[in-house]
Structure formats: structure tokens, C-alpha cells
Amino acid sequence: MSEPIVVCKQLSKQYGDKKALSGISLSVPAGKIVGVLGPNGCGKSTLFRTITGLVQPDQGEIRVLGQTPGWRTNKDIAYLPDRARWYPFHTTLKAFEWGQSFLPGFDMAAARSFAEFMDIELDMRISGMSRGQEARVMLILCMARKVPLIILDEPFAGIDVISREAIISGIIDYLEEREQSILISTHDIQEVEGLFDYTIMMNKGQAIWTGDTEDLRAEYGSLHHVFRTLYKKEGIR
């Protein structure tokens, strides 16, 4: 059995009076598509930034790919932050060329294939794109990288539901050919729940449930129902 891709032990992070992470402990299995779910402000984005080494924890321990997060691990992680934007004067192709020259593991053939699949024209400027089209370009820049770990923070924001379903199907097919792990945070649970092999439910900077998604469904039903049931117990409306 392969080593976990991420291990956190009593990880804490505080911004002023606000606790973003509050002693969270979890072990994320490798080779899975992992859903990180929870209400706004529960610590999902801070967890992702800590995994990438962009944020240093106040307490606790974190290991990513068997190492402390930082410059040594960054070459092996593709990270799409929430509300990511691209240079407006670039075309899609220019963005891909930048990715090929700068991002470790960037696969130009895969990027072009994704662009065709997602109906993104290579000669179109970012400034002329809709928010959804730009979101697809940003997603492609991450998905086209041959790295062990991909982290996507709200990657489907701004993408319409019909396109979302096709993109999710394409991601599943694409990852079946690669040994990669992918962490995804999203609020669009109903549309994407078929994507996840493993689920982490967060609240108030802690993991309140982690495990195989099928085990979660067997106990509670759909992930949407799980979300409502668990957070009702936690006192969230």
C-alpha cells in the first residue's frame, strides 16, 4: 500500500483572533480524487495553502509527499487557488506556452487536448473571455501537469452546470490514465459528488469526517444529504 500523499497532525493556524485551522489531523491516501467539503470559513483554503507551503502552521506537523512543504515539494504540486485570474493580454496559447516554459511537468499536448475538449480557442485573448472560459483555462493549466499532486480550490466557480458535468467526466477519464492524487474543494456538491473517491468534511478548522466516499454514502446517502446531516449535527444551518 502506498504512503499517504498528505499527513497532518494537530495542525493549527490562526489569523489574529480567528482560528483557521484548529488542531486538524488527517491522512490523505495517494492516488485518489479527494473532496474537501465544508461551509465558508471552515479552513479549506488555509489547509490547501499549508499543503503547498504558502502558509506556515502555528503548531502541529504536516508532511506532503513525505516531506515538509516548501520549495522542494512545489515542483510536484499543481495548485489552483480560489478566484485565480490570468494575464488579460495573453491568448490561451500564450498561457500554455508560459506553462510549458515555467511549470514543471507541463504537458502541452494534454493542454491542447483539454482546450479542444472544453471548447476553448487557442487564439482567444483572456480579456475577451467570459468568467467561465477563463476558469477553464486556469483549470487546464493545472490539469495538464504531470505531477503527483493537484490541488483545486473551487475550480468550477463561474462554469455553467452543463459544462461542469462534461468537464468532470473528462477529468475522471484523464486521471484514470495517470497515477495522480487530486484534492478539490467545492460548494457544488450535487454536481460533483460522483467525482470523489475519498471525502474530507471540515468545520471550524477541524476534520469532522474522513473516509472512502462509498462508506459515507452507505451511512448517510448522497453527499448532499451527508453535508446537510453532518452540519446540522454541528449546529450549522
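Helix α3 (residues 92-102) and helix α5 have axes that come within 11 Å and cross at roughly 25°. That makes α3 roughly parallel to α5, since angles under 35 degrees count as such. This is a predicted model, in which local features need pLDDT of at least 70 and side-chain atom pairs count only at pLDDT 80 or more, while totals for chains, interfaces and linings use all residues. Residues are numbered from 1 along each chain as its sequence is written, and side-chain values use heavy atoms, with hydrogens and water left out.

**The helix pair**

- Two packed helices are described by the angle between their axes and the distance between the axes.
- Here the axes are lines fitted to C-alpha atoms over the stretch in contact, and angles run from 0 to 180 degrees between N-to-C directions.
- The crossing of α3 past α5 is right-handed, meaning that the near helix is turned clockwise from the far one by less than a right angle.
- Helices (H or I, at least four residues) and strands (E, at least two) are DSSP runs, numbered from the N terminus.

**The six-stranded sheet**

- An open sheet with mixed pairing is built from six strands in the order β5-β6-β7-β3-β8-β9; two strands pair if DSSP finds at least two bridges between them.
- β5 and β9 (206-212) stand at the edges with a single partner strand each, so one side of each is left without a neighbour in the sheet.
- From one strand to the next, the twist averages 15°.
- Strands β3 (residues 33-37) and β7 (residues 181-185) run parallel and are joined by four bridges.
- V34 has L183 as its bridge partner in β7.

**The three-stranded sheet**

- Three strands in the order β2-β1-β4 make an open sheet with antiparallel pairing.
- Its edge strands, β2 and β4 (59-64), each pair on one side only.
- The twist in this sheet averages 25° from one strand to the next.
- Eight bridges link β1 to β2, and these strands run antiparallel; V7 stands opposite S27 in β2.
- β1 and β2 form a hairpin with two residues between them, and G16 in the turn has a positive phi of about 65°.
- Five bridges connect β1 (residues 6-15) to β4, again antiparallel, and S12 stands opposite Q59 in β4.

**The largest pocket**

- This pocket holds about 280 Å³ of space.
- On a 1 Å grid over the protein atoms alone, a pocket is an open set of points where a 1.4 Å probe fits, with protein on both sides within 12 Å along at least five of seven lines; lining residues have an atom within 4 Å of a point.
- Grid points are joined across faces, edges and corners, and a volume is the space filled by probe spheres set on the points.
- The largest share of its lining, four residues, comes from α1.
- β2 (18-28) and α1 (44-52) each supply at least two residues of the lining.
- By type, the lining has three nonpolar, six polar and seven charged residues; Ala, Val, Leu, Ile, Met, Phe, Trp, Tyr, Cys and Pro count as nonpolar, Asp, Glu, Lys and Arg as charged, and the others, Gly among them, as polar.

**The second largest pocket**

- About 190 Å³ of space lies in the second largest pocket.
- Its lining includes Y79, W86, W98, M138 and R145.
- Two or more lining residues come from each of β5 (77-80) and α5 (131-143), and α5 gives the largest share, three residues.
- The lining divides into 10 nonpolar, no polar and two charged residues.

Notes
Parallel < 35°, antiparallel > 145°, perpendicular 65-115°, else oblique.
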